[in-house]
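Good morning, colleagues. Please bring up the sequence and the structure, and I shall then speak about a few selected places.

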Amino acid sequence: MGHSTETEIGGRTLSLETGKVARQADGAVIVRYGGTVVLATVVATKTPLEGVDFFPLTVDYRERAYAGGRIPGGFFKREGRPVEKEILTSRLIDRPLRPLFPKAFKHEVQILDLVISGDQENDPDVLAIVGSSAALLVSGIPFYGPVGAVRVGLVDGRLLANPSEGQRAESLLDLVIAGTEEAVLMVEAGAKEVPEEAMIRAIAFGHEQCRALAKIQEDLRRLAGKPAWALDPQAGEDSTLESRVRELSAAKIAQALSVHEKQARAQAMNQIFEEVFQALGSDPAMKDQVREALEKVEKAEVRRMVLDKGIRVDGRGPSETRPITSEVGFLPRAHGSALFTRGETQALVAVTLGTKEDEQKIEDLTGESFRHFMLHYNFPSFSVGEVRRFGGPGRREIGHGALAERAVEAVLPPKEAFPYTIRVVSDILESNGSSSMATVCGASLSLMDAGVPLRAPVAGIAMGLIKEGNRVAILTDIVGTEDHYGDMDFKVAGTESGVTALQMDIKIGGVSTDIMARALAQGREARLHVLEKLRQALDKPRPELSPYAPRFVTIRIRPEKIREVIGPGGKVIRGIQEQTGVKIDVEDDGRVTVFSADNAAVQKAVAIIQDIVREVELDRIYIGKVKKIVEFGAFVEVIPGTEGLLHISQIAETRIRAVSDVLAEGDEVLVKVIEVDPSGKIRLSRKMALREQPALADREKRKNP
């Protein structure tokens, strides 16, 4: 027998159902919202993993093609490896749920969410977060939920919960928030320079919806929840060992943390570990426990330094930003480039400008679409002095790239004004925290270096939090150690006018909107400081593109003429491109854009296209070519590809017996356009042309002896 609960979000009913499908999973919930349906499942191993120092949680979100009434593209015609949207949504689900599992719980947990119906109006990503939380609640697996999640839009000054696809297209804000009844756990947002005050209002509004969603999950647990798993919260903890490690290492760790350089500090910590391990007897079986205890002591010392002394591991105060240096035009052949360095974090960012052919084709539940702006983030192992396999991008790289892309996309010029496909690549050369925000800064500089007319430069900063009871320290521009041992990673990017992207992850039970407001205000001050540093490197987009970048000219033709420019099977347009060496993009509305680094080639291609689409004008005189003789007249080509009828009665002033007495195929003949009917048929007159242009009559005679 199944059970269900429901509530209203954004004027539509959201329901949770369990007990009907996937009953062999530990927990399974179907989420329905409009015509979108998500099946969320959770399964945990019945024995814990031994010797792991992390929580073994795996989250996989997949969109079935049948959910949108599609058959997958490609040769195999079935779903394959996850696409970018699925990877980003998997991360979106993982981030608010992971902090809510007990630290002592080391069972492997898999959350698998399937989108089984999509109505193309309601995005299933937030539904998958809600469904995953509900599945965990009814499973009995130890979990400090429930978690609600909602999307917030801002249209015409009104905040909307779970806006439709049409409303999202008009919205100044696309914000996803997840939280418990008490506090906010995660925020992910893209915005069009929305002020910080409006962001806080949106977060508070979204949190109210999260509370309603948490309530119906609790109702579902009361109706259908399985017995809670037994768990000893102190399992695996050895307080005696931790006390002994603290006694042996606390003073040494405090001294090591005063070393400001990351690698030197790491070496000092490794030396302390070896000394403590030796002092405790060097038992190999105890090595992991000693290391874990040492990390707890280090974490406590890092936090104590900040809360008691206001001093951070690199010697800065809470609101100080690391030294910044920037260099543009770093790569001589790239269309635009920048080297951005903030402390021990460094990003090399390059821009490439392409044509419509370079756009990325996207297939999802809503059908096909194309991206003309892409930002790709790479994190090679040498950036942190490590050795690991060098392969394709991982989930973290895709997530960081998407965040930076969202931050910059808000200030790009409209495609109609700047019809290039734009690819930005960020290679992280050094990393000690906040490399995604370094990417935002480097992308802003490199785009301006490429001559892309940004509406305004964008800068990003990562904020942190250390909170113990009522004691709170908000940290500006956090480094890796503060990210690892702190309670919040709050990345915010924007212009002087407002926020363009925001991402917040909480490692504790949540934070209040008051703390977020303080973090946003402190982050704005830091962002303005970084923007000033960017202006010192390059204060506005370059007026000219790189000599290696393609130039473009856009002309408009009548949409009915598009097929003439393209030709059968693309023959005409390919011929123009081969003849001139340009690239040509043709839009359905009649916009034709010609790209080439050679301006002369662009002008030549434009002239050819204009000849093809040139239209005959009424009452104008042309020298045409006779293409065909018929009994009642002749068909004359007045411009390339356009013919008109020259009736036998319009050939000469006097009556003629046969057309062939005066004209032959191939003759050049003077004609006047005397009629163009609504269907496009053209009537011509030779006798009127000769009457009005007697000087050209002699020319005709010379050409047709």
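A contact, as I use the word, means heavy atoms within 4.5 Å. With that criterion, and not counting residues up to four places away in sequence, Ser249 touches Ile272, Val276, Leu294 and Val297.

Before I continue, two remarks on provenance. The model is predicted, so that local features need pLDDT of at least 70 and side-chain atom pairs count only at pLDDT 80 or more, while totals for chains, interfaces and linings use all residues. Residues are numbered from 1 along each chain as its sequence is written, and side-chain values use heavy atoms, with hydrogens and water left out.

Ser249 belongs to helix 5, residues 239–256; helices (H or I, at least four residues) and strands (E, at least two) are DSSP runs, numbered from the N terminus. Is Ser249 buried or exposed? Ser249 is buried, because its relative accessible area is 0%; buried means under 20%, exposed over 50%, and partly exposed in between, with a 1.4 Å probe and protein chains only.

I turn to Glu320, in the loop between helix 7 (287–309) and strand 11 (324–328). Its relative accessibility is 42%, and Glu320 therefore counts as partly exposed. Leaving aside residues up to four places away in sequence, Glu320 touches Arg312, Thr476 and Asp477. The side chain of Glu320 also reaches the backbone nitrogen of Gly317, at 2.8 Å.

Next, helix packing. Two packed helices are described by the angle between their axes and the distance between the axes. Axes are lines fitted to C-alpha atoms, for helices over the stretch in contact, and angles run from 0 to 180 degrees between N-to-C directions.

Helix 1 (residues 84–97) packs against helix 8 (residues 395–409) at about 95 degrees, with the axes 10 Å apart. Helix 1 is therefore roughly perpendicular to helix 8, a term for angles of 65 to 115 degrees, whereas those over 145 count as roughly antiparallel. Helix 1 contributes Glu84, Ile87, Leu88, Ser90 and Arg91 to the contact, and helix 8 contributes Arg395, Arg396, Ile398, Gly399, His400 and Ala402.

How do helix 4 and helix 11 cross? The axes of helix 4 (residues 196–224) and helix 11 (residues 513–537) come within 10 Å and cross at roughly 155 degrees, which means that helix 4 is roughly antiparallel to helix 11. Among the residues in this contact are Met199 and Ile203 of helix 4, and Met516 and Leu520 of helix 11.

Key. Polar contact = N/O pair within 3.5 Å; in protein donor to acceptor, adjacent residues only side chain to side chain. Parallel < 35°, antiparallel > 145°, perpendicular 65-115°, else oblique.
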